[in-house]
Amino acid sequence: MKHIIRVCTCTGCQANGSLEVFEGLCRAVSGRKKECEGKGIEIEVKETGCTGLSETVPNVLVEPSGILYVNVNEDKAERIVDSVINNYVIDEMLFELDGKKYGKLTDVPFFALQERVLLARCGYTTPLSLSDYIESGGFEGLKAAVSMKQDEIIDILKRAKLRGRGGAGFLTGIKWRFLKNAKGNEKFLICNADEGDPGAFMDRSLLESDPFAVLEGMLIGAYATGATRSFIYIREEYPLAIDKVKTAIDILKENGYLGNNVLEKFSFDIEIRKGAGAFVCGEETALMNSVEGKRGQPRIKPPFPAERGIFGKPTNINNVKTYAFVPLILRNGPEWFLDKGNGKSSGGTLLICLTGKIRLNGVVEVKMGTALRKVIYDIGGGLKSGKRLKGVQTGGPSGGCIPEALIDTEIDYESMQELGSIIGSGGIICIDEDDSIIDLCIFFLDFLEKESCGQCTPCREGIIQMKDLIIKIKERKASEQDIAMLEKLAVYVRDNSLCGLGQTSPNVVLSSLKYFRDEFERRISGKPVFKINEKCTGCHLCFLKCPVKAINGSPKEIHEIIQEKCIGCGICYDVCKFQAIDKE
Amino acid sequence: MKVRINEKEYEFQESKSILDACSEIGLNLPTLCHHELLEPRGVCRLCVVEADGKLVTSCTTKIRDGMSIETHSNKVIESRRMNLMLLIADHQEECLSCNKSTDCLLFKYANEYDIHGIPFEKIDKEEFEPDESCYSFRRDLKKCIKCGKCVEVCNVLQKVYAIEYSKRGKDLKMSTAFEYPINETECTFCGQCVLNCPTCALEEKYEASDLMWAINDKETVVACQVAPSVRASIMEEFGKNEGITVGKLVSALKMIGFDYVFDTQLGADLTIMEEANELLERIKENKGLPMFTSCCPAWVKFVEDNFHDFIPNLSSCKSPQQMLASVFRTYFAGKLESKPENIKLASIMPCTAKKTEARRYEFIGDIDFVITTRELSRMIKEFGINFEALDESEFDCPLGESSGAGAIFGVSGGVCEAALRTAYETATSKKLEKVEFEQIRGVDFFKHGEININGRVVRFAVVHTLGKARELLEQIRKGEAHYDFVEVMACPGGCIGGGGQPIPTDMKTIRERMQRLYTIDQLKKARRSHENPDIIRIYGEFLEQPLSKKAHALLHTKYMKRSYYSDKKG
Amino acid sequence: MEKEGKTVIAGESRVLEMLQEINKNEGYISRERLSSISRELGIPLSLLYGLVTFYNQFNLATSGRYTIEVCEGTACHINKSSEIKRAIKDAAGISVDETSSDGLFTLRDVRCLGACALAPVLRLNKKIYSKMTYEKTKELIFKLKKEAEGEAKLK
């Protein structure tokens, strides 16, 4: 009987000791080799890609039983091996949520409710094993592609309605057609792995867990467009991903999948370029400048990259996830992909990074058009420590905040845009009642202030002044006119900036003003501020009467008003019998 | 193609940017980062218009058949006002005492767009210390609005690379390498950055006040020399009044109090006498070719910094301003009663590099002040001089007469043409049928030709802007280009496009200034340097002949190999 | 530049890679190094200066023995990465971009490291430490200080 014990060794898991778990398991297995042989059991310990359940890492998956053990550490390795040899399940190490324990990974709601297409191999194959990849359907897409004409492949992508997963959401088929039709003796592909959105790490996860999929997508892209050379631009903050991709490229070269004679049909090379710490280099024209060894400043468009890209040659740039979808579409057909979509303008699934105050942090994959509520509560397990959800921030610094009231919204490109946010690269950050929207705005603007390239006035100066206005509001020194000016300024920056970074930088401000305006307005200077003084007897009446639960305190103790939450309604002031509340 | 602009339909034959199309029909849209000779970058966003309902920058967007453009809709005006207010918030306002307030684009647009007070906090600029390390100009980043024109001009047009963008976002700064003072970099002081800066972040070092002190000092004798380019452009500072002739300019200078007003064009004639003969000698010995002109100090520094192998090819002649100064200090000053230390000479130049040239170790003391055309116009305005009421005056003897060849020194191609007029006639003892060399006139960046001198075909070339000079030097290095004589001017159009010239300086004004100088040449009695009676006298009485021992001592110079950064420790 | 129809990626475009190597191997890029690269590749020094100051990765001054990078991603921020910095200020006396007087620690901000589920994180000489608190950070600093002292005694 053959058993495989799988441990993820991606960056996140390693940071929590998964390598030690891996080594512990290996030691345990070799220590009981004789026993296993005697019982006719073979146990292999293998590395695997990340399942995405980052909250409980290190996670261990046992096959063929499919049992998932969570929060594993080195000391527990022996027990796991024992449980495999003696065929029992370790109850205490199972995944538990709300009092219920789950044995198999596939039973855990976090996984069961997902539609795992890009993440299909994660947890079940060894990332750098070419044989694992091929056995699980690898290169079927490429083989199908090389039997078609270039236009046929592009047509399939268009019918599948594959939209770029980097943030802009442009139809990939159209982009590839531009490159295919571009005049030039040399064309380039670029894979944008400069995942700079704070709160998004699914590209890293994918590159570390299933690198061959991304490379196969690029190979198909090369065949379809006539590109012969390419670059993968990976952030230098992802050293493990860089390493894995480098090894994957070497393996492909050795096996004839890269180089001068790929499947006897075409030649293609992939080179890695490392980002050097600039968020703006995720913008495609800035990225091209960076590959050319220059400052990563965005260029004006037109000319578009397909016309004049790196080194002046026609170039196509796509995100990691976009390339990873391509082999699956070629293998399973465009209708299959459309079926995983929302039936509107976009086919396929959505890879989401759930972070913030959510109980189950991690990477999940759902059908396009899944409701936010399902993702946060059913899959993500709701909020930590039972707090109330205030809203979610989607799309990183380029996105906006969506309030709890709109949590039934289905996630797709149109609906997000209608709400004033974007899907972006797929990050969703959950914020609870204790988080301040104003602080979140300041945080993002502070980030963008430093990451902006600084070329154009609206972005460079506009972000500084938006941030200063919000700080003024936070410090209660602002007036109604300041809030109006903030809004006006935000619209100006959105409509006048040169590149996507500037154009989307006001989203967080505009959406906050749209859905959380009261947080801004109640800070207008001149509005009353309520504070509890030492006359408080702890009668607890204000606590009970406060409509937004903005008062802390136990009976018989001096209470405190949480200014962040206070809406200035004055009810506490009115009901207090002891003059213990001051109105300023 | 048919395009609607502000609800009126226009027909255009070729594709062009919205900005150019509007300029054609008489609408000058506001710009900050735009430069005629460079690719549009679309970074200042001030030139936005609504094209088919969408805000786009007019400099980077091309017109299309059927396009509908609004240049001054409410949305566009609000955008531009917001843009200006944001810039003013990040700019140190010193307008009343600022030297550039009459030329400052921010000031101009703030007025035109009716900006009253800004709704933003002013950004603290205390950390920016001005860089006053060189003689030619001052860098004060408190006033920088980050349009990037200085960097683009230095790196793309001039290919000098003294400054570049550093850092990013709110910290974006136009810097030298490691923030070294500009004096310690490859900066040639050509002043194209100063000329193009929309605000006073870059301005020439002001010497006009010190000069006025000296003029008002009864003990000192103050003489001045006026460059050709100055007379060809000073009228632009007074409403482009073509009635401001060189004669009236001389009167104005006398009214200001200069004791003697000399003509740099005579210095130019001196330069030709020496340089033409030097060229003939080099051709005879077949050594030191190609010979490069050396009258442009920015070009000289460019060679000293970057092309050590070409230093021997530079003509050993000083520039006209320095040659005249040398002769002034010896031939002329000796005739005066005053003590040498009480005799001052001021140069009025279109150029910022001349301010540094005058302080070179080899020249220091010959010239005491160098002021630009802009500085002169302020002096004239300070005096309240009304040109209409002035008579015409002549330049003073013995350094006042000049030939047409001396006049065209201010334009690209002029030095070469002047030198050929004398070289040809000296070597062949024949007169040129036509003294105009059309093939090296005009604004093309690279012009060339050849002439047969006693059976030897002499090939000459003319370039302007240091970027084109760099390209030519590299071609010559690789053996792809062969010339005997090359004229290089650092500034577009030649000295008429210099760093100290009236603002704006663009191709239109450059062409107009060029035309004025060619007209002066045409109307001169003497067209060739060797026909200038003052020149004949100076050589007869004093210098003996061109390239004589005395001429060498006074009118020729040496150069040095400069290097940077290698000895810097960090 | 093209050779037989193939774009040759000239020295200039490889300059970022070269600088990244130097920064990694030597911990920083000195002025002398940058000047010599300028001469080697024929790239003006001002352009190289503009290049290294654009990207966060490059250090122009030497760092301490241990470079502590505190992640400034949203998830880490929400999960109180400020506490980590407070601990470092208390235990080693330094703020961002400063090096402690004993030359042991340098504190830097770093953009999202992509370990958001383990927020807040810090990276110490390439190793990621997850779910850090004020106490855990202080402990880490003291542990490293002690190790360094121990080594010094041995010498």
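This is a predicted model: local features need pLDDT of at least 70, side-chain atom pairs count only at pLDDT 80 or more; totals for chains, interfaces and linings use all residues.
Now, what does chain C do with chain A? On the chain C side, 40 residues are in contact, and they meet 60 residues of chain A. Between them, chain C and chain A bury about 3900 Å². Carbon and sulfur atoms give 53% of that area. Which residues of chain C lose the most area to chain A? They are Phe54(C), Thr74(C) and Arg111(C), and together they make up 19% of what the chain C side buries.

Next, chain B. Here the assignment gives three domains. Domain 1 is 2-86. Domain 2 comes in two pieces, 90-118 and 129-204. Domain 3 runs 208-555.

Look at domain 2 against domain 3 in chain B. Their C-alpha centres are 28 Å apart. Domain 2 puts 21 residues into the contact, and domain 3 puts in 29. The area buried between these two domains of chain B is about 2100 Å², with 55% of it on carbon and sulfur atoms. Three residues of domain 2 stand out: Tyr135(B), Leu195(B) and Glu204(B). They supply 29% of the area that domain 2 buries against domain 3, more than any other three residues.

Staying in chain B, go to a helix pair. Helix H9, residues 264-285, packs on helix H18, residues 533-543, at an angle of about 65°. The axes are 10 Å apart. The crossing of H9(B) and H18(B) is right-handed. From H9(B), the contact uses Leu266(B), Asp269(B), Leu270(B), Met273(B) and Glu274(B). From H18(B), it uses Asp534(B), Ile535(B), Ile538(B), Tyr539(B) and Leu543(B). By class, that contact has 7 nonpolar residues, 3 charged and no polar ones.

Last stop, chain A, and another helix pair. Helix H18, residues 437-451, and helix H19, residues 457-474, have axes that come within 9 Å and cross at roughly 155°. Parallel or antiparallel? Angles over 145 degrees count as roughly antiparallel, so H18(A) is roughly antiparallel to H19(A). This crossing of H18(A) and H19(A) is left-handed. Among the H18(A) residues in the contact are Ile438(A), Ile442(A), Leu445(A) and Glu449(A). The H19(A) side includes Ile463(A), Met466(A), Lys467(A) and Ile470(A). How does the contact of H18(A) with H19(A) divide by class? It has 11 nonpolar residues, 5 charged and no polar.

Technical notes:
Residues are numbered from 1 along each chain as its sequence is written. Chains are lettered from A and ligands numbered from 1 in the order in which they are written. Side-chain values use heavy atoms; hydrogens and water are left out. Axes are lines fitted to C-alpha atoms, for helices over the stretch in contact, and angles run from 0 to 180 degrees between N-to-C directions. Helices (H or I, at least four residues) and strands (E, at least two) are DSSP runs, numbered from the N terminus. Angles under 35 degrees count as roughly parallel, over 145 as roughly antiparallel, 65 to 115 as roughly perpendicular and the rest as oblique. A crossing is left-handed if the near helix is turned anticlockwise from the far one by less than a right angle, and right-handed if clockwise. Contact means heavy atoms within 4.5 Å. Ala, Val, Leu, Ile, Met, Phe, Trp, Tyr, Cys and Pro count as nonpolar, Asp, Glu, Lys and Arg as charged, and the others, Gly among them, as polar. Domain bounds come from an automatic or database domain assignment. Buried area is the accessible area (1.4 Å probe) that two parts lose on being put together, summed over both.
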